[in-house]
Structure formats: structure tokens, C-alpha cells
Amino acid sequence: MIEMELSKIIIDEKRHDQVVVLKEKNGTRILPIVVGFLEASSIKMKVAGVKPPRPLTHDLLSSVIASFGGVINQIIIDRLEDHTFHAKLVLRAANGENKIVDARPSDCIALAVRVKAPIFVEEEVLKQSVEMNNEK
């Protein structure tokens with residue numbers, strides 16, 4: 001697995017598709033992921049330090065996990081299937097047991113930026129992404 005970090009968020013209010021770009025932490029490869037406007041906005045608000053008057057959905061989920069003694073260990077973008085990325089949220093429960101939850105990459109990234117959890121991408125997903133982008 002390759003550790004990635006959030007590089008940039010491209011929000012175009014006129015389009016329905018927004019792009020979150022992950023960059024290889026100790027390298028040069030990038031992974032652009034098309035996400036929804038609300039998810040991109042949620043990520044951008046947190047990164048920019050904007051504090052909404054009430055918790056957003058990702059803030060709520062992060063608080064709920066923490067209130068049960070859970071910790072978000074990492075997120076893993078582990079599959080690219082039919083031009084759709086798939087991800088896993090890796091949690092440690094209060095009893096120390098690891099739990100893996102299927103989730104959208106956009107939601108995982110929104111949670112990761114809130115708790116400063118590492119973001120990993122499977123090598124094969126990076127390769128498939130390059131091939132997919134070369135097809136366009």
C-alpha cells in the first residue's frame with residue numbers, strides 16, 4: 001500500500017463533479033477522485049479551518065466513533081471497479097478489536113482530515129487509475 005496525502009480539492013459550482021487529488025506522500029504519483037459537491041465542500045471546510053455553527057455529517061460521525069471509544073486508524077482506497085473507487089475505514093474499537101467498514105473514498109477522506117488519519121491506496125488502484133486516465 002502507498003501512503004497518500006490530500007494535495008488539492010477542485011470545486012466547480014457549475015459542474016456536478018468535483019475532484020479531490022491525493023498525492024503520494026514520498027513520491028510524485030497522484031490520484032484524482034471525482035466526488036460530490038457536498039463531500040468536497042466538507043473536506044475543503046475542514047482543511048481551511050472553517051468551523052460551522054453545527055456539526056456537519058462527517059463531524060457527527062467522527063464524534064460518534066470517538067464517543068464509543070473508537071479510533072479511526074486509517075483509510076484504504078482498495079479497489080477501482082467500473083470507474084468507481086471503493087474504500088475501507090479501518091477502526092479500532094474500544095475493546096482493541098479492529099473493524100473494517102466499507103465506505104466511499106470521499107467520506108473516508110472527509111473523516112481522515114478531521115482526525116488526521118493516514119490515507120493509503122493499493123498499488124493496483126494507482127496503476128488502474130493511470131490506465132483509466134490514459135483512456136480519456
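In this predicted model, R29 forms a salt bridge with E123, the closest N and O atoms being 2.6 Å apart; a salt bridge here is a side-chain nitrogen of Lys or Arg within 4 Å of a carboxyl oxygen of Asp or Glu. R29 lies in the loop between β2 (18-24) and β3 (30-35), and E123 in helix α4 (residues 123-135), so the pair ties together parts that are 94 residues apart in sequence. Helices (H or I, at least four residues) and strands (E, at least two) are DSSP runs, numbered from the N terminus.

The side chain of R29 also meets that of E24 in a salt bridge of 3.1 Å, N to O. E24 is buried, with a relative accessible area of 13%, while R29 counts as partly exposed at 29% and E123 is partly exposed at 26%. Buried means under 20% relative accessible area, exposed over 50%, and partly exposed in between (1.4 Å probe, protein chains only).

By the salt-bridge rule the count comes to ten. Three of these pairs are tabulated below.

| Salt bridge | N to O distance |
|---|---|
| R29 and E24 | 3.1 Å |
| R29 and E123 | 2.6 Å |
| E97 and K99 | 3.2 Å |

In the E97 and K99 pair, E97 counts as partly exposed at 40% relative accessibility, and K99 is partly exposed at 38%. Salt bridges that share partners join E24, R29 and E123 into one network.

R29 and E24 are also among the contacts of M4 (heavy atoms within 4.5 Å). Leaving aside neighbours within four places in sequence, M4 is in contact with residues including L22, L31, I119, V121 and L126. The largest nonpolar core has 31 residues, of which M4, L22, L31, I33, I77, I109 and V121 touch the most other members. The largest share of this core, six residues, comes from α3. Such a core is a set of buried Ala, Val, Leu, Ile, Met, Phe, Trp, Tyr and Cys residues joined through side-chain atoms within 4.5 Å.

Helix α3 (residues 105-115) packs with helix α1 (residues 37-48) at an angle of about 10°, their axes 9 Å apart. Axes are lines fitted to C-alpha atoms, for helices over the stretch in contact, and angles run from 0 to 180 degrees between N-to-C directions. The two helices are therefore roughly parallel (angles under 35 degrees). E39, S42, I43, K46 and V47 in α1 meet S106, D107, I109, A110, V113 and R114 in α3.

Residues are numbered from 1 along each chain as its sequence is written. Local features need pLDDT of at least 70, side-chain atom pairs count only at pLDDT 80 or more, and totals for chains, interfaces and linings use all residues, while side-chain values use heavy atoms, with hydrogens and water left out.

Technical notes: Angles under 35 degrees count as roughly parallel, over 145 as roughly antiparallel, 65 to 115 as roughly perpendicular and the rest as oblique.
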